[in-house]
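Hi everyone, thanks for having me.

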Amino acid sequence: MASGYRAVACDNGGSSGKVNEGSLGTCRYYDAGLHAFVGNELNDKISLLAVMGKPVRGTSVTAYQDTKFGGTALPIGAGGFGAVNGSLSMNDSVRSLKITDGWRVVACDDDAKPGTASADLGKCRLFRGGEHTSVGGDMEKKISLLAVGAPALVATADAGQRGALQRFNPGVHTALAGQLSTVGNDAISSLLVGDGWRAVGCRNDSTGPSGQGDLGLCRMFGPGEHSLGGSPLNDGISTIAVMAGPASGDLLHTYADRDYKGATSSFGPGLYTAGNLGPVGNDAISSLRLPGTGRAVLCDNDSGQNLGTCRLFVKSDHLFVGGDLNDKVSLIAIAP
């Protein structure tokens, strides 16, 4: 487990796992660090993994002190909320849950003590989106850990995560292809980027032949909630690229010189900034190949309020990236 993360692993929860009822079987907690063996009770048996980052504020999940959503309410976002780290103020008090569609929650009746590498979490249950008037008689007033999983990106039409809402999985999404139809083209006012993800929002979609249409003003957004009010991108986004970090693969090949010559680098799906552009390097790409069905956004900056010139490339051999991007690329977002 990487530093800053922890996980819940269970032997039920796959295709035969129960949702919103029953038990996930044996569940154990794993803290950051190397776990050379998961233990005999989970060896070759894990069917569910909930990976938790730090707790993030939000309102997409609400825990209630009483059944049928009565009593004290605790709104929470993504991440791990537990009694031990003090982020679950309603320890052993939760009796009902409201979960936004597309979100998932693993609730356990125990939490790990500080400094514990791994521990038995007792009974755990998986809840999906919906209104759960009771967490179940056997779980009521016993929950000590809530692991909340969020979509990679949530975009909403109004500030504060209100109004028309659309969830985005990793990939490149454009209005031209009808992929922003739920929240609307030129209609986004707030973004919620999930822990471990990054997003690039641009004013335009592909405005001409692939590799020749400038995407206009683009910005990168890290994990957390982002209000676009007062910014040039408010009600102005037509392209969204949602990515995690770099990955191995060969969805994209870049070259230091025109016509596929010079040093070359290959990339899998993900978002790459100046420090991880491989052998070709930062400010050095002149040509590229997208051999499959992938799409890539290339920009000449990788930080700040403006990513500079950005362009969308689709399946093709591109002998030249264009004079305005030649030897200037510092950010690449690639989707399969």
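Let's begin with Lys68, which is exposed, with a relative accessible area of 65%. This is a predicted model, by the way. You'll find Lys68 in the loop between β4 and β5. Its phi is near 55 degrees, a positive value in a residue other than glycine.

Asp327 also has a positive phi, about 55 degrees, and is not a glycine either. Look for Asp327 in the loop between β25 and β26.

Now for charges. Side chains of opposite charge can pair when their charged atoms come close. How many salt bridges does a search of the whole structure find? The answer is seven.

One of them joins Arg6 and Asp111, at 3.9 Å from N to O. Arg6 sits in strand β1 and Asp111 in the loop between β7 and β8, so this pair ties together parts that are 105 residues apart in sequence. Arg6 counts as buried, at 12% relative accessibility, and Asp111 is buried too, at 6%.

Next, Arg311 and Asp324 form a salt bridge with their closest N and O atoms 2.7 Å apart. Arg311 belongs to strand β24, while Asp324 is in the loop between β25 and β26, 13 residues apart. Here Arg311 is buried, at 5%, whereas Asp324 is partly exposed, at 31%.

Finally, Asp138 and Lys123 form a salt bridge, with the closest N and O atoms 2.9 Å apart. Arg125 joins these two residues in a network of salt bridges.

Note on methods. Residues are numbered from 1 along each chain as its sequence is written. This is a predicted model: local features need pLDDT of at least 70, side-chain atom pairs count only at pLDDT 80 or more; totals for chains, interfaces and linings use all residues. Side-chain values use heavy atoms; hydrogens and water are left out. Helices (H or I, at least four residues) and strands (E, at least two) are DSSP runs, numbered from the N terminus. Buried means under 20% relative accessible area, exposed over 50%, partly exposed in between (1.4 Å probe, protein chains only). A salt bridge is a side-chain nitrogen of Lys or Arg within 4 Å of a carboxyl oxygen of Asp or Glu.
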